[in-house]
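Here are my notes on the model below. They are arranged as numbered points, to be read beside the coordinates.

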Amino acid sequence: MIETTLQFTREINASAHSIWRCWTEPELLKQWFAPKPVVTTEAVIEPHSGGCFNTTMVVPDMPKPMMGEGCVLAADPGKRFAFTNMMKGAFQPQDTSGEGQFPFTADITIKAHDTGCTYTVTVRHLNKAGADAHRDMGFFEGWGTAADQMAALAETLS
């Protein structure tokens, strides 16, 4: 694995279509996207290349909501959803140099099989420092917990 990449894979007992819905339907995304007790209060998702991927999360003990603005890079229903925080919707560049921020792309792949699907998250960073910071702030725990929450929700969908 390249030193700028963080990745994990889960086997999920839900259809690839259900996972896709969890990533692309705002009301579903808000239910699982952040590890509890963090709450996602808003989501704007335009699941097509160049679409918006914006979220607002309320984090306990933080004075103001955490807002994320991004751009969808790839949207292949039931197979792949990729986005970046380096651009806003319509491929408009944005500054990610603020405190606690680091540029990344997230590439979600979903491979259907007889008992559900294989779900892989690959997050690529601009440099090793960004990958290290993301890992150290709890990438595997946070994104992993969110993936578990998503899997539980996806298993209830048809």
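**Notes on salt bridges, a helix and a hairpin**

1. Glu 25 counts as partly exposed, at 30% relative accessibility. Buried means under 20% relative accessible area, exposed over 50%, and partly exposed in between (1.4 Å probe, protein chains only). Glu 25 forms a salt bridge with Arg 21, and their closest N and O atoms are 2.8 Å apart. A salt bridge here is a side-chain nitrogen of Lys or Arg within 4 Å of a carboxyl oxygen of Asp or Glu.

2. On the source: this is a predicted model, where local features need pLDDT of at least 70, side-chain atom pairs count only at pLDDT 80 or more, and totals for chains, interfaces and linings use all residues. Residues are numbered from 1 along each chain as its sequence is written, and side-chain values use heavy atoms, with hydrogens and water left out.

3. The whole structure holds 8 salt bridges. One joins Asp 148 to Arg 10, with the closest N and O atoms 3.0 Å apart. Asp 148 lies in helix H4 and Arg 10 in strand S1, so this pair ties together parts that are 138 residues apart in sequence. Helices (H or I, at least four residues) and strands (E, at least two) are DSSP runs, numbered from the N terminus. Asp 148 is partly exposed at 45%. Arg 10 is partly exposed at 24%.

4. Asp 107 and Arg 124 also meet in a salt bridge, at 3.6 Å from N to O. Asp 107 sits in strand S8 (residues 104-113) and Arg 124 in strand S9, 17 residues apart. Asp 107 is buried, at 10% relative accessibility. Arg 124 is partly exposed, at 38%.

5. Turn to helix H3, residues 128-136. Its buried residues are Gly 130, Ala 131, Asp 132 and His 134. They pack against strand S1 (5-12), strand S9 (116-125) and helix H4 (139-154); contact means heavy atoms within 4.5 Å. Asp 132 also belongs to a network of salt bridges with Lys 128, Arg 135 and Asp 136.

6. What marks the two ends of H3? At its start, a side-chain oxygen of Asn 127 reaches to within 3.3 Å of the backbone nitrogen of Ala 129. Just after H3, Gly 138 takes a positive phi of about 105°.

7. Strands S2 (residues 39-45) and S3 (residues 52-58) run antiparallel, joined by 6 bridges. Two strands pair if DSSP finds at least two bridges between them. Ile 45 stands opposite Phe 53 in S3. The hairpin has 6 residues between its strands, and Gly 50 in the turn has a positive phi of about 90°.

Technical notes: A polar contact is a pair of N or O atoms within 3.5 Å; within protein, one must be able to donate a hydrogen and the other to accept it, and residues adjacent in sequence count only if both atoms are side-chain atoms.
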